[in-house]
Amino acid sequence: MKFVNATLKSIKAIEKVDTSRSLLSRVNPETKLLSLIIVLFLMIFLHSLFALLLLLLFLVVEALLFERGVFAAWLFVPLFTGMIAIPAIFMVPGEPIFHFYFLTATYEGLRAAALLIIRTLIAVTAVTLLTKTTRWEDVIASLELIRLPRVFILILFLTFRYIFFFARIIESTLLSIKSRVIGKEKSTSTWKLYAPLIGNLFVKSYEMQEKVYMSMLSRGFMLTESEKKRDVHITWSYLAVFFALAIVLVGINGGALWQLPL
Amino acid sequence: MTNVGYSYDDHVALKNVTMQIEKGEVVYLIGENGAGKSTLLMILAALYVPTTGTAKIFGKKLTEKLTKDVEIRKKIGVVFQDPDVQLFSPTVYDDVAFAPRHLGDDANAEKMAETAMRRMNIWHLRDRHPYELSEGEKKRASVATVLSYEPEFILFDEPTANMDVKGRHEFARLLHELKEEGKTMVIATHLLGDIKEATRVLVMQSGEVVYDGAPDVIENDSKLKSLGLL
Ligand SMILES: Nc1ncnc2c1ncn2[C@@H]1O[C@H](COP(=O)(O)OP(=O)(O)O)[C@@H](O)[C@H]1O
Ligand SMILES: [Mg+2]
């Protein structure tokens, strides 16, 4: 239960825009989006553990300086990556390090798991740095600016909203379970009892999305082809830091970037 | 609109509805759950295009293209039944400011949002997440998101369902004010209770309009009684 709660809390942390105007929220959205794209490219194409760690370190420092709320989002990394990373330790063939019953951990396996976790942390930190410091309408507007098709943006938005909405439904369902099983925390039968209910809510909240779209449409969402021309300001100094970072990391990474990212 | 029908896939939700709503009318749409009120409301709001028959909204033929017409969207406001559908932004303020930002001019958006929020008494909730509000607060926020851009035609879907007595009073007062301001309104409800402001009543049953007329008839019409609506 604690684990699930932590996960929910972290999902909420990504969504909530920090209204205290930090320095980062004053960098314009287009610049932040471009820097995010650079980071994501690096995350995918770097395959040196050291270079990836440096990239993560850079983001951590940025978050420490400007937006500490980002770290709440880290809590949810174990849930999604743990499930893949832990088996990987044992399943990737290679040089054995230790044995665990019939399983053998390999050096290559550990490396694959480490890469996966670091990459996830990089992605989560970078995305959260953007979403926490930028109004979502500005994020959408800058996505339009890079010519992402509207349908795609809409799906992206609804998916995001759907995840958050679903997280809340689980949260309130958990609360109602808790209120009914005080003192019987271990009772697994409650899970069985509520599993179909959660399934129903899943379907219901999915069906709601069409109506949400109606609500957005009725209030003017994406009506005209960018009628209001946005003035694009790129904060080059901010972006330059990321370009420099990219050059350094690619240098450290050495070798071919087009190698498979493993 | 004439002979309007609407089907979801192959389920017919609305059959042969013919009617006309004039400026300044306050129309109550009454019927049991599943009668087709929400579907009709979506058509009146120019969000759904009828699958049969034709409808005209503000003199223009309702087509898929018209549903995305800025001028039409400015004139029509919809308060959905479920606030969780209505409110989609990370903060209450963003949600209320959404329509003025998209349909109005940016310069006035902040002011219009604030005015609507103060009117609905939710200004103090501006930085809260819509999900964190109580049901009553959510409902007030939903109404504010629509009042914020001052549409002349407002549609409410089950506005007083799940409301407590105080909420219903407040809503009745708001309706009265809006009526005084000359807004045209359609209010869908399955409760016969508060239809005080009605200038006209439509009764729906299984996708058809079975009564269309003055509100006072509702109270002594034996036919309505026989329909189990009283
Ligand atoms: N999205 C949908 N898909 C399929 N059927 C629907 C959908 N929405 C409503 N219906 C059906 O259409 C009919 C009318 O629904 P609705 O207009 O919501 O009625 P009311 O608002 O009066 O309760 C009902 O039988 C309902 O089950
Ligand atoms: Mg309905």
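The model is predicted. Chain A comprises 10 helices and two strands, and the protein buries 64% of the 560 Å² that ligand 1 exposes when taken alone.

- The shell around ligand 1 consists of B:Tyr8, B:His11, B:Ala13, B:Glu32, B:Asn33, B:Gly34, B:Ala35, B:Gly36, B:Lys37, B:Ser38 and B:Thr39.
- By residue class, this shell contains three nonpolar, six polar and two charged residues.

**Polar contacts of ligand 1**

- The side chain of B:Thr39 places an N or O atom 2.5 Å from an oxygen atom of ligand 1.
- For B:Ser38, a polar side-chain atom lies 2.6 Å from an oxygen atom of the ligand.
- B:Ala35 approaches through its backbone, where an N or O atom is 3.2 Å from a ligand oxygen atom.
- Of the 560 Å² that ligand 1 exposes when taken alone, the protein buries 64%.
- Two or more shell residues come from each of β2 (11-17) and α1 (37-44) of chain B.
- The greatest contribution to the shell is that of α1(B), which supplies three residues.

**Overall organisation of chain A**

- Along chain A from the N terminus, the order of elements is α-α-α-α-α-β-β-α-α-α-α-α.
- Chain A has 262 residues, of which 45% are buried.
- Among contacts in chain A with a separation of 6 or more, 77% join residues 24 or more positions apart.

**Helix α4 of chain A**

- Helix α4 of chain A spans residues 49-66, 18 residues in total.
- From first C-alpha to last, α4(A) reaches 26 Å, close to the 26 Å expected at 1.5 Å a residue.
- The buried residues of α4(A) are A:Ala51, A:Leu52, A:Leu55, A:Leu56, A:Leu59, A:Val60, A:Glu62 and A:Ala63.
- An α-helix has 3.6 residues a turn, so residues three or four places apart point the same way.
- The packing partners of the buried residues of α4(A) are α2 (23-26), α3 (29-45), α6 (107-131) and α10 (236-253) of chain A.

Conventions
Residues are numbered from 1 along each chain as its sequence is written. Chains are lettered from A and ligands numbered from 1 in the order in which they are written. This is a predicted model: local features need pLDDT of at least 70, side-chain atom pairs count only at pLDDT 80 or more; totals for chains, interfaces and linings use all residues. Side-chain values use heavy atoms; hydrogens and water are left out. A residue is near a molecule or strand if one of its heavy atoms lies within 4 Å of it. A polar contact is a pair of N or O atoms within 3.5 Å; within protein, one must be able to donate a hydrogen and the other to accept it, and residues adjacent in sequence count only if both atoms are side-chain atoms. Accessible areas come from the Shrake-Rupley method with a 1.4 Å probe; for residues, only the protein chains shown count as cover. Helices (H or I, at least four residues) and strands (E, at least two) are DSSP runs, numbered from the N terminus. Ala, Val, Leu, Ile, Met, Phe, Trp, Tyr, Cys and Pro count as nonpolar, Asp, Glu, Lys and Arg as charged, and the others, Gly among them, as polar. The expected span of a helix is 1.5 Å times one less than its number of residues. Buried means under 20% relative accessible area, exposed over 50%, partly exposed in between (1.4 Å probe, protein chains only). Contact means heavy atoms within 4.5 Å.
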